[in-house]
Amino acid sequence: MTLDDIRIVLVNTSHSGNIGSAARAMKTMGLSNLYLVDPACEIDSHASALAAGATDVLGKAVVVDTLADAIADCSLTIGTSARSRTLSWPMVEPRECGEKLVAEAANGPVALVFGRENSGLTNEELQQCNYHVCIPANPEYSSLNLAMAVQTLCYETRMAYLNTQPKQQEQDDVTYPNAKQTELFYEHLEQTLNDTGFIIKQHPGMVMTKLRRLFNRARPEEAEMNILRGILTSINKSIK
């Protein structure tokens with residue numbers, strides 16, 4: 001699947017700059033399907049300026065009269081909402097919101113709906129959504145502007161999408177030292193630490209045990225191990 005069937009719907013947006021900023025937020029996360037429901041402004045030069053390279057998203061934005069028009073062919077609609085509503089509705093967290101959108105988009109169009117800058121979505125509009133999503137911001141200061149909210153939920157959608165894609169293998173295969181090479185390194189390290197006086201033979205303590213734990217946890221690659229061996233060799237030459 002792609003992200004093309006996930007549409008971002010902005011309802012009755014008041015400021016053109018917010019439309020441009022939302023388009024930018026969408027494009028950075030790989031979404032490009034923007035619907036504008038009864039916008040209270042035009043897509044003007046201010047919108048284009050704040051889109052900052054996402055003018056292609058603005059250029060193909062679909063303008064409709066009602067939310068019903070924007071989501072008519074969508075099998076799943078999720079509306080952004082605060083939790084404090086008189087009528088309770090199924091809620092999802094942002095991460096689950098992204099997962100649901102991506103899963104359902106495999107079968108056709110889905111929508112993520114954002115309301116007005118100052119008042120959000122009406123109860124009537126929210127009741128046209130299957131789920132509501134609330135961003136759990138700081139309760140002492142939960143003021144997210146429209147573009148921030150779009151960015152946050154588009155990010156979760158992108159992460160959910162990437163989790164469905166095959167993991168790309170690194171181009172360069174990493175080679176790790178085998179057990180014998182590792183033991184030779186530890187022997188070399190211990191001998192060098194003895195020669196420098198860092199380890200006192202009569203009272204070696206737990207130094208080598210802790211160093212083994214350190215390097216086992218770091219798991220140096222073969223090339224890195226060779227560098228470490230080279231460092232030890234240079235110390236050996238210096239103290240001789």
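## Helix α8 against α9

The contact (heavy atoms within 4.5 Å) involves E183, F185, Y186, L189, E190 and L193 of α8 and V207, M208, L211, R212, F215 and N216 of α9.

## Basis of the model

This is a predicted model in which local features need pLDDT of at least 70 and side-chain atom pairs count only at pLDDT 80 or more, while totals for chains, interfaces and linings use all residues. Residues are numbered from 1 along each chain as its sequence is written, and side-chain values use heavy atoms, without hydrogens and water.

## Helix α8 itself

The 18 residues of α8 (residues 179-196) should span 26 Å at 1.5 Å a residue, and the end C-alpha atoms are 26 Å apart, which agrees. After α8 comes G197, with a positive phi near 85°.

Buried residues (under 20% relative accessible area, 1.4 Å probe, protein chains only) of α8 include F185, L189 and L193. The buried residues of α8 pack against α9 (207-218) and α10 (222-239).

## Positive phi in loops

Most residues other than glycine have a negative phi. N12, in the loop between β1 (6-11) and α1 (16-28), has a positive phi of about 55°. A52, in the loop between α2 (45-51) and α3 (55-59), has a positive phi near 50°.

Definitions and conventions: Helix = DSSP H or I, 4+ residues; strand = E, 2+ residues; numbered from the N terminus. Expected span 1.5 Å × (residues − 1). Buried < 20%, exposed > 50% of the residue type's maximum accessible area, 1.4 Å probe, protein only.
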